[in-house]
Amino acid sequence: MKVVYNGEKDRAFKEVLGETIPRLAEEDKDVIYLDADLMGCIGTAKWAAANPDRAINCGIAEANMMGIAAGMSAVGYKPIVHTFGPFASRRCFDQIFLSGAYAGNSVTVIGTDPGVCAAFNGGTHMPFEDMALYRAIPGAYVFDITDAAMLESVLEQCKDIEGIKYIRVGRKNNMKMYEDGFKAEIGKGIVVKENGTDAVVFACGIMTAMAMEAAEILKKEGIQITVVDMFTVKPLDEALVEKYAKATGAVVTAENHNKIGGLYSAVTEVLSKKCPTPVEYVAVEDVFGEVGPQDYLEERFGLTAEHIVKKVKAAIDRK
């Protein structure tokens, strides 16, 4: 695995989804794709129209779609389901919990445009709680995707993993972090910047690139931080959290999510029982989303490199 971050934009996530989902369906006869009338949003519409036996448009009926996916899993299929993040989580939580997880079925759920990535779709479409909901499902996997190479790798693996898998990812492009073709190790954090002795930042999703930017700002001030991409929020890499918390003595988490139930909660759960450490967070407070361009929303909710810098200094002061 090679980190190639240089601050440049990557391929759009929707392009990766539009290429990878059809490829997986063509390679594996058991893969079936379901969508809630948003195929055009992730580039699968043309392929789906030509392959009606492998792709099902369930319409704007997300709860029903999850029930269909669970039923298809029960008879041996490997369903990959997509809709926007709020509809993939809170709107159909009972169905994915009971018909999916409780019944022992396996479904890969893709929730696009989480958090501020929803931008002009506004507060109703802006899930700051989706990770918390899926983390509460016994045995579920929860991923917050960093770049295009990671998305392809995680999706390829999820189709063959038993249980409920939730992949939260934008549709636009983020900063490129990893070389093409790398394989993400599910359940493990990725150290993207090491040798920081002052603090460690555990980030996920779009905030990983923000943490790298913050590291450069802090370096100019003589502060060295380690940055860990904790893309698997559940199951969390507890050993890595403990290792770097003990090594630096100061922890900051950064996520495009409400602090309640997301990465901050996952990390502090580990630290509270294994190595109590000063912890700060960069995350959305106990508020609802709103309409606006993503860069405005990042500033509005404190999801920027500058906010990470501020919180790193606060954590260091508490050592």
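Predicted model: local features only at pLDDT ≥ 70, side-chain atom pairs only at ≥ 80, totals over all residues.
**Stop 1: H1 and H7**

Select residues 13-27 (helix H1) and 148-158 (helix H7), which pack at an angle of about 25° with their axes 10 Å apart. Helices here are DSSP runs of H or I, at least four residues, and strands are runs of E, at least two, numbered from the N terminus. Axes are lines fitted to C-alpha atoms over the stretch in contact, and angles run from 0 to 180 degrees between N-to-C directions. H1 and H7 are therefore roughly parallel (an angle under 35 degrees).

Now show the side chains: Phe13, Val16, Leu17, Thr20, Ile21, Arg23 and Leu24 of H1 meet Ala148, Leu151, Glu152, Leu155 and Glu156 of H7. Contact means heavy atoms within 4.5 Å.

**Stop 2: H8 and H12**

Move on to residues 207-220 (helix H8) and 305-317 (helix H12), packed at an angle of about 60° with axes 8 Å apart. On the H8 side, pick out Met207, Met210, Ala211, Glu213, Ala214, Ile217 and Leu218; on H12, pick Ala305, Glu306, Ile308, Val309, Val312 and Lys313.

**Stop 3: Thr248**

Select Thr248 in helix H9 (residues 238-248). Is Thr248 buried or exposed? Its relative accessibility is 5%, so Thr248 counts as buried (buried is under 20% relative accessible area, exposed over 50%, partly exposed in between, with a 1.4 Å probe and protein chains only). A polar atom of the Thr248 side chain lies 2.8 Å from the backbone oxygen of Tyr244. Leaving aside residues up to four places away in sequence, Thr248 touches Gly196, Thr197, Asp198, Ala199, Val200 and Lys319.

**Stop 4: backbone features**

Step back to Pro235, in the loop between strand S12 (232-234) and H9. Lys234 and Pro235 are joined by a cis peptide bond, with omega about -5°.

Finally, visit two aspartates. Asp37, in the loop between strand S2 (31-35) and helix H2 (45-50), has a positive phi near 65° and is partly exposed at 43% relative accessible area. Asp113 has a positive phi near 55° and sits in the loop between strand S5 (107-112) and helix H6 (130-135); Asp113 is buried, at 4%.

Technical notes: Residues numbered from 1 in each chain as written. Heavy atoms only, no water. Parallel < 35°, antiparallel > 145°, perpendicular 65-115°, else oblique. Polar contact = N/O pair within 3.5 Å; in protein donor to acceptor, adjacent residues only side chain to side chain.
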